[in-house]
Amino acid sequence: MIGASGLRGIVGEDLNPELVAKFSAAFGQFLGNGLVVVGSDTRPSNQMYRYAVFAGLLSSGCEVVDLGICPTPSLQLMVRNLEAKGGIAITGSHNPSEWNALKFVRPDGLFLYPEEIRQVVRITESKIKRVSWDRIGKVRRDDSAIENHLKKILSLVDQQEIQTRHFKVVIDGCNGAGALITPGLLQKLGCEVIEVNCEPHGYFAHPPEPIPSNLRELSQIVKSEGADLGFSHDADADRVGLVTEKGDILPEDYVLLLVAKFVLSKRKGLVVTNLSTTQALDDLAADFDSRVRRTKVGDIYVARCMRKEKAVIGGEGNGGVIVPEVHYARDGIAAVALILNYLSETGSSLSLLARSLPRYYMVKRKVKVTPGRFPPPREYLKEQFRGAKFSFLDGVKIILKEGWIHVRLSGTEPVVRIISEARTREEAESLSRMGMEKVLKVSLEN
Ligand code: MG
């Protein structure tokens with residue numbers, strides 16, 4: 001429940017308001033008080049947690065700025081804009097309605113690092129310092145987060161060029177916070193906008209993860225409306241999914257590939273992503289004389305590395321793109337603007353752009369086990385996979401001529417993830433089986 005990215009749980013079960021208030025107070029103490037920005041997605045539980053967060057923060061001497069319902073990336077930007085000490089995003093992100101979570105934001109707009117979350121946890125385990133009655137701060141409302149975010153994104157793209165194309169765009173807001181920002185962005189970019197599930201009430205019309213199986217309604221509407229493309233956000237809009245003018249639902253990692261290709265075509269430089277993201281990104285980067293740096297899985301690792309290495313673009317294969325000119329945060333809204341700019345500049349259709357990307361097949365498996373010695377000893381692995389290259393940064397990644405296998409422990413569930421990728425589905429399946437047999441089974445026998 002207390003994971004690498006914050007506190008999460010099920011409403012009415014383990015994520016109770018007392019716990020939320022306690023963690024918020026501990027976070028306030030961790031920050032050394034001062035101004036803290038709070039926002040949430042649209043989930044029906046958002047008010048209950050919002051007031052608990054306020055109570056906790058005020059009790060430890062913080063001043064609170066309430067952004068109301070607001071995409072997580074807009075909140076991250078507001079933390080910096082207001083020069084706040086930090087922020088709390090109340091969002092279950094891509095998880096179903098029964099989930100909710102707190103994500104803690106540092107003064108620089110990044111999420112807390114895992115070691116900082118451990119410090120907050122330690123404060124909750126000791127006696128939290130509360131302030132006396134005469135030092136309790138106030139909650140003030142600020143409704144400028146979305147406008148501020150839009151302004152920043154619009155400054156990145158060639159607005160006039162996009163406007164001349166008069167794109168017809170379907171936006172599936174998934175009844176989440178993205179419904180409050182992306183339709184407005186599209187209008188400003190001269191698009192004819194068809195809104196689907198854009199009432200921000202938090203009763204999600206479909207599971208709020210922009211993966212292909214949840215984009216079927218969007219695909220049908222794009223086709224029946226004869227639209228140029230369709231976008232779908234998760235509940236807090238740090239991710240986006242894509243549908244082409246033909247109604248084809250693109251794999252999630254195409255978002256990062258398309259945005260990276262567009263950005264690299266303007267400016268070569270380093271691309272950063274995690275170890276489980278497609279090899280297609282390396283092929284693409286090589287075409288532009290650029291390189292890819294890989295981190296542990298988790299957007300915070302990608303964001304930190306991007307900032308340190310001054311990357312030009314980065315993100316994860318789940319539709320979460322990080323655009324440094326906006327901020328070091330996954331931003332599904334910035335991705336929308338850049339993809340439209342890519343389309344307008346090339347005069348191409350989305351399906352044509354998608355077809356120009358390097359093709360690979362990925363197989364993802366999730367096995368419910370807790371392995372013993374993991375990863376298995378390096379000598380053993382080197383013997384099993386002769387001639388392979390290895391990375392031990394996050395579990396083990398084995399890079400072979402025909403593709404790669406990544407076997408890692410999940411940070412959020414008691415499962416082992418086996419991800420493999422190759423040029424053909426058969427090869428990817430065969431690599432996945434090798435991951436099971438030669439890596440996972442051995443760690444179970446230990
Ligand atoms: Mg999200």
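Which residue in S10 does Val169 stand opposite? Val169 faces Leu229 there. Welcome to a predicted model, where local features need pLDDT of at least 70, side-chain atom pairs count only at pLDDT 80 or more, and totals for chains, interfaces and linings use all residues. Residues are numbered from 1 along each chain as its sequence is written, and side-chain values use heavy atoms, leaving out hydrogens and water.

**The sheet**
- An open sheet with mixed pairing is formed by 4 strands in the order S9-S8-S10-S11 (strands are DSSP runs of E, at least two residues, and helices runs of H or I, at least four, numbered from the N terminus; two strands pair if DSSP finds at least two bridges between them).
- Strand S9 (192–196) and strand S11 (240–243) each have a single partner strand, so one side of each lacks a neighbour in the sheet.
- Strands S8 (residues 168–172) and S10 (residues 229–233) pair in the parallel sense over 4 bridges.

**The magnesium ion**
- Ser93 (OG), Asp234 (OD), Asp236 (OD) and Asp238 (OD) coordinate the magnesium ion at 2.0 to 2.1 Å (donors are N, O and S atoms within 2.8 Å of the metal, or 3.2 Å for Na, K and Ca; water is not among the atoms, so sites may look incomplete).
- Both Asp234 and Asp236 are buried (under 20% relative accessible area; exposed is over 50%, partly exposed in between, with a 1.4 Å probe and protein chains only).

**Around Phe231**
- Phe231 touches residues including Val169, Leu242 and Leu340, not counting residues up to four places away in sequence (contact means heavy atoms within 4.5 Å).
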